[in-house]
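Here is a colleague's note for someone meeting this structure for the first time. Please read the points with the sequence and the model open beside them.

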Amino acid sequence: MPLLPSIDEARAILLAAVTPLPTTDIAVTDALDLVLAEDVVAAHDVPVFANSAMDGFATRAAAAGSHLRVAGESRAGAPYPGTVAEGEAVRISTGAALPAGADGVLQLELVDDDGDAIVLGEAVTPGRNVRDAGSDLTAGTVVLRSGTRVGPAELGVAIGAGRAAVRCAQRPRVAIVTTGDELVTAGDALVPGQIHDTNGPTLAALAHRCGAEVAGVGHVGDDLEATRGVIAQALEAADLVVLAGGVSVGRHDHVKPALSDLGVRELLWRVALRPGKPTWMGERDGTLVLGLPGNPVSAYVTFLLFARPALAALQGGDPTVPRTTAALGTAVPRHPDRDECVRVRAAADGTVHPTGPQGSHVLSSLVGATALAIVPRGEGELSAGSEVVLEPV
């Protein structure tokens with residue numbers, strides 16, 4: 001029997017089928033979680049002008065004990081219009097423009113203030129409590145590189161740099177289909193043999209976290225014709241179709257024959273992975289298809305391992321997942337033929353420990369998990385203290 005591909009080999013097979021989506025200009029406030037398709041260059045210095053880091057008084061350089069006349073005020077959005085002369089001070093607010101002629105700012109708590117005049121409790125030296133123009137961003141410099149995923153900080157930097165819109169790859173559309181007669185909607189009363197459909201909402205949440213637009217979350221029972229119809233609709237609506245359940249070879253598993261009937265080209269079926277061995281990958285006319293196992297942990301883990309990098313690649317971003325390493329805090333059993341993704345949490349000493357029972361149905365094992373520890377296949381167990389590769393959750 002041929003060896004099954006490893007996690008990295010399976011990931012490479014899927015990524016080889018990715019065609020990055022077209023780019024478009026999008027309002028910067030709508031760009032959260034998207035990937036930049038251009039460098040962002042600062043249109044001006046940030047801050048644009050020298051300003052105060054404190055509420056206090058702006059003065060020329062002066063010694064402690066100096067008596068100064070209060071000549072006016074500089075507020076945020078309303079600068080002092082004159083020039084600070086020798087023997088003068090200007091009341092100033094945090095963020096307000098430093099007046100012409102002033103060298104520094106002394107904070108309120110270090111000043112004896114009687115309203116019309118002040119006495120400096122400490123010396124004011126040039127630059128004290130002053131934020132210079134361009135101390136954050138300098139006009140004309142690249143502040144964000146193409147390929148950067150836009151997080152909250154990147155969004156703020158782009159706005160500060162003067163951008164109202166940025167060029168990004170289009171947001172990938174993901175259609176999610178769960179399968180199985182036993183599944184019912186969240187909150188519905190259960191009858192014997194039924195369970196709530198956790199995969200649909202969970203996979204949709206993961207897709208959102210990857211910057212995708214969820215084009216729809218559907219469900220189909222164990223019927224070949226119905227399965228074919230739902231998948232056909234999903235293929236027309238999405239750049240990535242994610243199917244949960246029905247990808248094995250049981251008499252009620254209809255996903256693979258339905259995909260074949262619809263002309264989806266198989267790239268891979270089964271990975272040397274636990275949980276997640278029966279993962280299926282395919283493609284039709286540029287649309288990617290991922291058939292994930294129905295057990296909720298298997299679906300979650302395989303989405304992270306394969307859908308997450310594929311969604312990054314669709315956006316023209318780096319699909320490489322930033323892995324780290326750590327020592328196991330406790331021994332874990334190994335599978336003889338498959339690498340296992342063990343849900344772990346980090347301890348204060350830097351070691352990682354399993355979150356609890358690791359069955360593929362134990363979705364609660366992902367609560368509080370900080371990473372997937374990839375335990376390589378082999379006999380026996382991997383001892384405490386052994387170094388493992390961590391895939392971030």
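**Notes on the chain**

1. The 29 positive charges of the chain (Lys and Arg; His and the chain ends are not counted) and its 46 negative charges (Asp and Glu) have mean positions 6 Å apart, each charge being placed at NZ of Lys, CZ of Arg, CG of Asp or CD of Glu.

2. This is a predicted model, in which local features need pLDDT of at least 70 and side-chain atom pairs count only at pLDDT 80 or more, while totals for chains, interfaces and linings use all residues. Residues are numbered from 1 along each chain as its sequence is written, and side-chain values use heavy atoms, leaving out hydrogens and water.

3. The chain has 6 helices and 28 strands, taken as DSSP runs (H or I of at least four residues for helices, E of at least two for strands) and numbered from the N terminus. Its radius of gyration, taken over C-alpha atoms, is 29 Å, well over the 21 Å that the globule rule (2.2 Å times the number of residues to the power 0.38) gives for 393 residues, so the chain is more spread out than a compact globule. The C-alpha trace spans about 90 × 50 × 45 Å along its principal axes.

4. Of the 393 residues, 44% are buried, meaning under 20% relative accessible area with a 1.4 Å probe, protein chains only.

5. Strand 5 (residues 67-74) pairs with strand 9 (residues 117-120) in the antiparallel sense over 3 bridges, where pairing requires that DSSP finds at least two bridges; Leu68 has Ile118 as its bridge partner in strand 9. Strand 5 also runs parallel to strand 6 (residues 88-92), joined by 5 bridges, and there Val70 is partnered by Ala89.

How values were computed: Buried means under 20% relative accessible area, exposed over 50%, partly exposed in between (1.4 Å probe, protein chains only).
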